[in-house]
2 protein chains.
Amino acid sequence: MSAPIYGRVALIGLGLIAASMAHAMRARGLAGEITGHAKSAETRAAALEIGLCDRVFDTAADAVAGADLVVLAVPVGVMGAIAAEIAPHLKPGATLTDVGSVKQAVIEAVAPHVPAGVHFIPGHPLAGTEHSGPHAGFATLFVNRWWLLTPLPDTPEAPVAQLRALCEAMGANVDLMEPAHHDLVLAVTSHTPHLIAYTMVGVADHLRRVTETEIVKYSAAGFRDFTRIAASDPTMWRDVFLTNKDATLDILGRFTEELFVLQRAIRMGDGQLLFDYFTRTRAIRRGIIEAGQDTAAPDFGRGAPPPEVG
Amino acid sequence: MSAPIYGRVALIGLGLIAASMAHAMRARGLAGEITGHAKSAETRAAALEIGLCDRVFDTAADAVAGADLVVLAVPVGVMGAIAAEIAPHLKPGATLTDVGSVKQAVIEAVAPHVPAGVHFIPGHPLAGTEHSGPHAGFATLFVNRWWLLTPLPDTPEAPVAQLRALCEAMGANVDLMEPAHHDLVLAVTSHTPHLIAYTMVGVADHLRRVTETEIVKYSAAGFRDFTRIAASDPTMWRDVFLTNKDATLDILGRFTEELFVLQRAIRMGDGQLLFDYFTRTRAIRRGIIEAGQDTAAPDFGRGAPPPEVG
């Protein structure tokens, strides 16, 4: 157990990320007290039952009162409204952060509401799974994952260092980044891949000549990798695309151009182009494994089948 | 140990699939003897060293002599040439199969060479990993995976039943299918997803404003799922696209149309369309998990991080 890094932490939104933060903070004694709020009564009850929060409140305003750290862990599209609601109740000197997947839009929506004396430090943990809700959280979600902070130019160093210490104590690596660059990097590493996965799964869903049973049965040939990220929370992802529109459309444009080059090579029978392209992409995979951001085990080390059969 | 299903099995090509078949047949005593051939002397030496084959030969013709089952486990583009080479050496009454990812093109290339009295039964195990070569094989690769057979209309039932028994004894589920339908189904569940993954990884590779270090560091946000299949064997995949051209181009066309619908929704701010789309795709993921073709564990159950940190 470490010494608490914040006296009272308020979690606004109690889904996968907030629940994992609660587990991680409790496991290591990083918060004196954890309060919380979620829109749904069912989620609030679950948070108490699992022990994520010491106290839950029916309103976000009540949950943040007296908190040293307030974490906005709600879809990007509602961050502004929540910020407006809680602003008058934030404790002077408190830190306000968020865990949204987009940073410029969150800053535009939240920053105008933040009272003087409260430090707003936007953040984004690059961690998650395809599961959602308070029951999906676990204490090690952030271990060896990156947590990006995009502090505004006028934020003092001390509150940034304190928030960084919390992220690191939960197991994450922290990088500081410009909000606009964050949104571009994430458009490449996350937002566009998700949209493409959703699209491929949608194509399969619409085909008449291949049945859904066939898609499901024969998915191990590659398709199933796409379905994992296409199973992510629809509200969260709708908001990501609506609020990181420019960078996503930029990368999508490049993706389509590139796809057309490969499509043309297939049509024209240009095997050399295909071979060279497919050879280059292997190197990136190696880099990711060497950087500890994925497993080298075949098939991601998916649960191994039983060693002996019939 | 079961009784051997074939007396002598010849493996032509000694990569991931053939090596896994060798391990699986040995583990369960399914072949009296296993012979093999690979183009490279290094692979042949490895196959002996690992114990995949009882004997290896410098030519495919020598390897197939006297074999009751011959398995073509080479890239689709060279199947025809190998078939021409081995045809005069095939034992009367033997079964010839292949493990290629495309079936119509393999039939066109191989069938004309097959002598009367040899049963050519095209096949395709829907199993694999992103690793290649003789060292990548393992005995349980086919467990609970589908093995599709696309027998020609004039093939007697007995040799099909015998090959099916071998596949099932290695742990696979077997389905029979028309070759053309196979190629369409695989274009959806495998070939197009692979091309899209290659493309996305290629886009990331070409971006100047986001460094490769950033792509690699922040890949856990979704991108890394794509890199696994984009690390697959370049020769194999070049041949797949060149030989399943029509079905792949058909599905790619649908994919692009669908992507443009979502891209337009992002541009126009149509959140309802995005939300509805993303909700439908979750159901397919559930189907795949219920069918036992993927794990429900978060992140595919990737090796869990250590339970306690700093």
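Entry 1, a buried charged pair. I looked up D98(A) in this predicted model and found that D98(A) is buried, with a relative accessible area of 0%. Its partner is K103(A), and the two side chains meet in a salt bridge at 2.9 Å, N to O. I then checked K103(A), which is likewise listed as buried, with a relative accessible area of 0%. I count D98(A) and K103(A) as a salt bridge because their N to O distance of 2.9 Å falls within the 4 Å cut-off.

Next I took D58(B), which forms a salt bridge with R44(B), the closest N and O atoms being 3.3 Å apart. This pair links distant parts of the chain, since D58(B) sits in the loop between β3 (55-57) and α3 (60-64) of chain B while R44(B) belongs to helix α2 (residues 41-50), 14 residues apart. Is D58(B) buried or exposed? I found D58(B) exposed, with a relative accessible area of 58%, whereas R44(B) is buried at 13%.

I moved on to E130(B), which forms a salt bridge with R285(A), the closest N and O atoms being 3.9 Å apart. The pair crosses between chains, from E130(B) in the loop between β7 (123-125) and β8 (146-149) of chain B to R285(A) in helix α12 of chain A. I noted that both E130(B) and R285(A) are buried. A further bridge joins R280(B) to D205(A), with the closest N and O atoms 4.0 Å apart. I also found a network of salt bridges that links E130(A), R228(A), D225(B), R285(B) and D294(B). Across the interface of chain A and chain B the rule finds ten salt bridges, and the count over all chains comes to 32.

I recorded 32 residue pairs in polar contact across the interface of chain A and chain B, both residues of each pair being at pLDDT 80 or more. Which element gives the most to the side of chain A that touches chain B? I found that α7(A) does, with 22 residues. By class, that side of chain A has 59 nonpolar, 32 polar and 26 charged residues. The contact takes 117 residues from chain A and 116 residues from chain B. The area buried between the two chains is about 11,000 Å², of which carbon and sulfur atoms give 68%. Y218(A), I266(A) and F278(A) supply 7% of the area that chain A buries against chain B, more than any other three residues.

I followed F255(B), which, not counting residues up to four places away in sequence, touches I196(A), T199(A), M200(A), V203(A), F255(A), L259(A) and I196(B). As background, I noted that in soluble globular proteins nonpolar side chains tend to be buried together.

I17(B) lies in helix α1 (residues 16-28) of chain B and is buried, with a relative accessible area of 16%. Leaving aside its neighbours within four places in sequence, I17(B) is in contact with V99(B), P125(B), A127(B), L141(B) and F142(B).

Technical notes: Residues numbered from 1 in each chain as written. Chains lettered and ligands numbered in written order. Predicted model: local features only at pLDDT ≥ 70, side-chain atom pairs only at ≥ 80, totals over all residues. Heavy atoms only, no water. Helix = DSSP H or I, 4+ residues; strand = E, 2+ residues; numbered from the N terminus. Buried < 20%, exposed > 50% of the residue type's maximum accessible area, 1.4 Å probe, protein only. Contact = heavy atoms within 4.5 Å. Buried area = accessible area lost by both parts, 1.4 Å probe. Polar contact = N/O pair within 3.5 Å; in protein donor to acceptor, adjacent residues only side chain to side chain. Nonpolar A, V, L, I, M, F, W, Y, C, P; charged D, E, K, R; others polar.
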